[in-house]
Amino acid sequence: MAAPRNVLRDEESAAAALLNNSSKEDDDSPTGKRLKSERFPVSRWELAAFFGVFLIFSTGLFCIYLTMPATEYGKLKIPRSISDLRLLKDNIATYASNYPTQFILGYCSTYIFMQTFMIPGTIFMSLLAGALFGVKGVFLVVFNATAGACSCFFLSKLIGRPLVSWLWPDKLRFFQAEIAKRRDKLLNYMLFLRITPTLPNLFINLASPIVDIPFHVFFLATFVGLIPASYITVKAGLALGDLRSVKDLYDFKTLSVLFLIGLVSIFPTLLKKKKIYE
């Protein structure tokens, strides 16, 4: 009578093994891999940390606006086009001249908030600085862009690794390999990336802490490297009436100048390589 039990036990083991193999095959199949890759990579704790930081920044921004002199807030909105920007400039030009300190405080806090949380539209804020403050707006734009990029750097250091690996896995691997090859002259390479549009600034802000770029290198490359592009944007803001689209900012001539400046920044690295080969 023991034999039937053994046969039954063997059949149950074979069925379990078959189920395990089929589940593994499903996981290894393209559909299974796609379902795995489509899962949102950020955990609940990381998501809670993000919203906590967002709430702190939002509260600070709201408190700043409460201290500002009264105005027609219905006319104040983040511009999304050149026409929106022209309208905003006409509405707040008098306010900016009457309350310069309060306006600059509100402008800076809004710019840094947008840059920290990757909200599109900072290009229009840079154009607005040129339209309202002229060439002096370059200092304002560089300060805000650098401060916002640094805030984004630390935010990504807190919760960014799974998100960046999920969104841009190939680009992140490429960036990590390039950084590993250029550890000796990392500042020059980061300057080149900041000056030229080789990689999006958003990706650089988020990926830099993940590939272990030191903060002082990131800060210095951002502060210096954003000056040429900021100058071009602010100068375009001076002639806002002639600007038809944001695409007009970076024509072939402008891109050529930026890449030329970028090549100058990595010239010491190229010179060092030449000496090594000789």
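This section describes helices, nonpolar cores and a nonpolar surface patch in a predicted model.

The UniProt record, an unreviewed entry, assigns the feature "transmembrane region" to residues 47-68, 111-133, 139-159, 191-211, 217-240 and 252-271. Two of these spans were examined in the model. Residues 111-133 are 78% helix and 0% strand. The end C-alpha atoms of that span lie 15 Å apart. Residues 217-240 are 88% helix and 0% strand. Here the end C-alpha atoms lie 34 Å apart.

The largest nonpolar core holds 29 residues. Tyr 107 and Leu 127 touch the most other members of this core. Helices α4 (82-98), α5 (100-116), α6 (122-133), α7 and α12 (227-238) each give two or more residues to the core. Tyr 107 was then followed through its contacts, with neighbours within four places in sequence left aside. The contacts of Tyr 107 include Met 125, Ser 126, Leu 128 and Ala 129. Leu 140, Val 141 and Asn 144 are also in contact with Tyr 107.

Another core, of 26 residues, lies apart from the largest one. Among its members are Ala 149, Leu 186, Ile 210 and Ile 266. Leu 186 is also one of the buried residues of helix α9. That helix, residues 186-195, is mostly covered, with 9 of its 10 residues buried. Beyond Leu 186, the buried set consists of Asn 188, Tyr 189, Met 190, Leu 191, Phe 192, Leu 193, Arg 194 and Ile 195.

Helix α7 spans residues 137-167 and contains Thr 146. Thr 146 counts as buried because its relative accessibility is 3%, below the 20% cut-off.

Helix α11, residues 215-225, supplies the largest share of the patch, 5 residues. Leu 220 is found in this helix. Its relative accessible area is 40%, so Leu 220 is partly exposed.

Note on methods: Residues are numbered from 1 along each chain as its sequence is written. This is a predicted model: local features need pLDDT of at least 70, side-chain atom pairs count only at pLDDT 80 or more; totals for chains, interfaces and linings use all residues. Side-chain values use heavy atoms; hydrogens and water are left out. Helices (H or I, at least four residues) and strands (E, at least two) are DSSP runs, numbered from the N terminus. Buried means under 20% relative accessible area, exposed over 50%, partly exposed in between (1.4 Å probe, protein chains only). UniProt positions are given in the numbering used here, feature names are shortened, and annotations may be inferred rather than shown by experiment. A nonpolar core is a set of buried Ala, Val, Leu, Ile, Met, Phe, Trp, Tyr and Cys residues joined through side-chain atoms within 4.5 Å. Contact means heavy atoms within 4.5 Å.
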